[in-house]
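Hi,

Here is the structure I promised to pass along. Have a look at it first, and my notes follow below.

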Amino acid sequence: MRRHRNVKIVATLGPASETYDMIRALHEAGADVFRLNMSHGQHDEIREKHRIIRQVEKDLDSPICILADLQGPKLRVGVFANGEEELVVGAAFRLDLDKAEGDASRVCLPHPEIFEALEQGASLLVNDGKIRLKVNECGKDFADCEVIVGGTISNRKGVNVPDVELPLAALSAKDRKDLEFVCQLGVDWLALSFVQRPEDVTEARKLAGGRAAILSKIEKPSAVTRFDAILAASDGIMVARGDLGVELPVQNVPPIQKRLVRACRSAAKPVIVATQMLESMITAPVPTRAEVSDVATAIYEGADAIMLSAESAAGSYPIEAVTTMDNVAREVENDPTYTQIIEASRSIARKTVADGIVAAAREIAETTDIKVICCFTQSGTTALLTARERPRVPIIAMTSQRGTARRLTLSWGVNCVMTPELNRFKQAVINAARAARAQGYATTEDQIVVTAGVPFNVPGTTNILRVAPCQESLIYATEPS
């Protein structure tokens, strides 16, 4: 299904979007990737959503990417005798391991690993940062705190610890079960929560065993500090601005987002900008002007994808939310300023033959009347390198691997077309010309650029480029002797 934009749209599925008709409508409206949130729903419910997505994919003959988002360890306080208490600024409040019901002076925090890592002066944030506590004294089973920002604290509210690195693995016991379940289902990407260090990614990759690509969610200050190493260990990145904006001052988030997006582009790894992009559309049919500007900013930065969370999962207007993102993306990408910004921010250290081939393909396409770049790829690397160039013309990724086609659906500007396994470059050129015509990118009067690796079906061998006509008789006539 041809999209008239380059940025991709990720839609989270949930109670508002779990039927065949709704999932199909969301895909037709512009959703390229469907996110399965493993924090909600039983395995049977996840399995049914996966089945429906694959049925829509088959019915529309359009590769669809499925992203399974693992929950990660959840840090929460215990329960209160009265259900909730009001914490007053300046008051003392204790967190401890005592399982007794809490009151206005204390509550259980059933996570000894937090107490092991805490230091005097550290901050604890409760309920998405609405309550802020400062640690005055701590030990292996308690933390005596002062209330810096007060408010209502109630049963099982989440706790963030922004100032210290916690001795916690990114994968809980639940995550390990969920990971194996979704890998057996056949998802394309795994989003890894609570990443603090590259070793967290390495562990998930080992468990996935090549069955899914690994996308690291950047939502902890320690992940920002170690971002280069985490990026190197990952296949993709999600800028998870929700928790990131809780654990860091909110004014820090925009420059971090910009820096992370640019680093991912340089590394040729897809990056999603996520959280609260069209938050008001959970209950309203139109977004705020600020939300539209936020979506546009991510697109101007060159993000591969922008994501809807509750807007499509539980909101009243899921289709309208996807349509809004699609409309904003088209408008931004038609702005001449967009092209200027994207090209001015292109910073690539080219070191390999493949780097040179894709750079040449972009240069040729942009300086002559070329309609599309067609790249043959097995692992997806050639398509990712081509997308990194952010060419002005469309990209068609030709592959015989359905898993590759699905994973590439997340990447900027990549339109995936299935092709049989080939062993001759001339046949590849013919297939590329047919795909360009069938997808409406070119006519028999046009020319295309084709890149591939010889010998065929060997990953990482991109070494050939040809400018070819779309008319098949001319392909034979102009074939090098």
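**What turned up**

Of the chain's 481 residues, 55% count as buried. Please keep in mind that this is a predicted model.

On the overall fold, the secondary structure comes to 18 helices and 21 strands. The C-alpha trace spans about 85 × 45 × 45 Å along its principal axes. The radius of gyration is 24 Å, which agrees with a compact globule, because a globule of 481 residues would have a value near 23 Å. Among contacts with a separation of 6 or more, 66% are between residues 24 or more positions apart. As for the surface, the chain exposes about 19,700 Å², and carbon and sulfur atoms supply 49% of that area.

I also looked at the inside. How many cavities of 30 Å³ or more does a search of the whole structure find? The search finds one, and the largest cavity has a volume of about 50 Å³.

Here is what surrounds the largest cavity:

- Its lining consists of Cys 264, Arg 265, Ala 268, Lys 269, Pro 270, Asp 304, Leu 384, Ala 387, Arg 388, Arg 390, Ser 411 and Trp 412.
- By residue type, the lining divides into six nonpolar, five charged and one polar.
- Helix H9 (253-267) and helix H15 (381-388) each supply at least two of the lining residues.
- H15 gives the most, with three residues.

Best wishes

Notes
Residues numbered from 1 in each chain as written. Predicted model: local features only at pLDDT ≥ 70, side-chain atom pairs only at ≥ 80, totals over all residues. Heavy atoms only, no water. 1 Å grid on protein atoms, 1.4 Å probe; cavity = no way out; pocket = protein on both sides within 12 Å on 5 of 7 lines; lining within 4 Å. Points joined across faces, edges and corners; volume = space filled by probe spheres on them. Helix = DSSP H or I, 4+ residues; strand = E, 2+ residues; numbered from the N terminus. Nonpolar A, V, L, I, M, F, W, Y, C, P; charged D, E, K, R; others polar. Rg over C-alpha atoms; globule rule 2.2 N^0.38 Å. Buried < 20%, exposed > 50% of the residue type's maximum accessible area, 1.4 Å probe, protein only. Contact = heavy atoms within 4.5 Å. Areas by Shrake-Rupley, 256 points an atom, 1.4 Å probe, with all protein chains shown as cover.
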